[in-house]
Amino acid sequence: MNLLCKSIETLNLNLPPPPPFLHQIPLYSFKFTTTATSSRQCRRSITPSLASDHPFSPASTSDIDMVPNKEGIFTAKPKKVVILWDLDNKPPRGPPYDAAMALKHIANHFGEVVDVSAYANRHAFIHLPHWVVQQRRDQRHQNILERKGVVTPSEPYICSVCGRKCKTKLDLTKHFKQLHVREREKKMNRMKSLKGKKRQRFKERFISGDHKYMEAARTLITPKVGYGLAAELRRAGVFVKTVEDKPQAADWALKRQMQHSMSRGIDWLVLVSDDSDFVEMLKRGRASNLGTVVVGDWDRALGRQADLWVPWNRVENGEITEDDLVIRSRSGESADFDEQTLDLDGVLDEIVRNRSGFNQSKISAFSEGEDEDDLSDYLSDSEDDDEEDDWYT
């Protein structure tokens with residue numbers, strides 16, 4: 001028996017040591033938590049002692065929140081994206097609704113858009129751009145030619161509310177104002193006389209729910225002030241805030257909203273501006289591991305501080321592709337952020353590739369500390385405009 005034990009010990013001493021990478025593979029653990037709404041969440045975490053060697057780890061620890069989708073399969077929790085739009089610096093050069101939807105389409109590449117805010121003073125909403133003036137001049141000239149009989153439309157104009165056919169656009173506009181606008185005014189007066197739930201139900205059914213009227217009013221009724229910038233942005237789901245007529249008022253409002261968004265734990269910030277006053281805020285955002293995307297006309301001060309710069313004219317024209325949305329990593333190399341999950345086989349291959357010799361490893365370029373800043377000096381704008389947008393006033 002003693003001879004057998006001694007032979008086993010001799011064999012153990014003569015065995016070669018294991019490869020250096022086998023005992024350093026990151027260990028993953030899954031934690032299931034139940035929130036107050038009885039929804040289960042799964043969090044995959046990397047062992048703290050080994051997380052610094054992980055090639056994709058931004059800090060000493062790395063947690064990936066896993067949430068169930070509609071099919072009950074746990075997937076990575078989508079990133080939160082906030083869009084801040086400086087209308088004083090970057091107004092839309094075309095239809096506002098199309099510009100806002102194109103901007104949201106770009107932001108959806110980085111995660112789920114949870115908030116879109118635009119700030120400007122009153123001059124941005126009463127100013128008429130050149131393309132609006134030219135469009136109205138051409139339409140006025142077309143109406144004169146149709147009224148004189150010089151130009152005959154190939155098809156009659158049809159009212160989208162009641163279906164009535166008109167020979168000219170002037171006849172269609174006159175019909176819409178005399179019939180449908182008056183009916184709208186009666187409904188508005190009726191809503192003002194109601195209170196509580198009755199008023200809310202009446203508004204949802206006859207005012208907000210009358211999509212045919214709103215669509216026809218956008219093409220037939222010319223706003224008395226401006227060209228409907230605020231109404232078109234609200235239709236696209238943008239929160240529009242009119243600031244005071246003071247210098248840098250819109251910049252201060254954007255900075256407060258930016259700080260409020262950072263305190264909510266967002267992952268990506270899309271800033272539409274070329275104002276260099278936001279450089280310090282972008283630096284603070286990057287220090288707290290916040291992804292930043294700048295949309296503007298010049299790749300200068302803001303573009304150098306952001307993870308990605310996108311030209312504003314190409315965004316409005318819908319010319320941005322997925323190849324243009326490859327972010328610059330913090331180490332200066334290009335990296336695509338579209339990957340939501342980590343493959344264990346890919347992690348193992350990366351570790352084997354980065355290691356050579358006896359326990360010689362490369363230092364991760366993402367091992368940066370986070371700076372903590374004081375958030376007590378900033379407040380959020382919680383004001384919201386509840387006024388109904390009427391195109392005939």
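1. Helices (H or I, at least four residues) and strands (E, at least two) are taken here as DSSP runs, numbered from the N terminus. The model is predicted, so that local features need pLDDT of at least 70 and side-chain atom pairs count only at pLDDT 80 or more, while totals for chains, interfaces and linings use all residues. Residues are numbered from 1 along each chain as its sequence is written, and side-chain values use heavy atoms, with hydrogens and water left out.

2. On the surface, Arg190, Lys197, Lys198 and Arg201 gather in a patch of positive charge; patches are made of residues with over 30% relative accessible area and no salt bridge, like charges being joined within 9 Å and nonpolar side chains (Val, Leu, Ile, Met, Phe, Trp, Tyr) within 5 Å. Helix α7 (residues 196–207) gives the largest share of this patch, three residues, whereas Arg190 lies in helix α6 (residues 169–193). Arg190 counts as partly exposed because its relative accessibility is 47%, where buried means under 20% relative accessible area, exposed over 50%, and partly exposed in between (1.4 Å probe, protein chains only).

3. Strand β11 (residues 291–296) is mostly covered, with six of its six residues buried. Gly291, Val293 and Val295 on one side, and Thr292, Val294 and Gly296 on the other, are all buried. Strand β10 (residues 268–272) runs parallel to β11 and is joined to it by five bridges, strands being paired if DSSP finds at least two bridges between them. Leu271 stands opposite Val294 in β11, and the C-alpha atoms of Gly291 and Leu269, 22 residues apart along the chain, are separated by 6.2 Å.

4. The structure holds twelve salt bridges, each defined as a side-chain nitrogen of Lys or Arg within 4 Å of a carboxyl oxygen of Asp or Glu. One of them joins the side chains of Asp274 and Lys90 (3.0 Å, N to O); Asp274 lies in the loop between β10 and α11 (279–287) and Lys90 in the loop between β5 and α3 (96–107), so the pair ties together parts that are 184 residues apart in sequence. Lys90 counts as buried, at 5% relative accessibility, whereas Asp274 is partly exposed, with a relative accessible area of 22%.

5. Lys90 also forms a salt bridge with Asp297, the closest N and O atoms being 3.4 Å apart. Asp297 lies in the loop between β11 and α12 (301–305), so its pairing with Lys90 ties together parts that are 207 residues apart in sequence.

Note on methods. Accessible areas come from the Shrake-Rupley method with a 1.4 Å probe; for residues, only the protein chains shown count as cover. Lys and Arg count as positive and Asp and Glu as negative; His and the chain ends are not counted. The place of a charge is taken as NZ of Lys, CZ of Arg, CG of Asp or CD of Glu.
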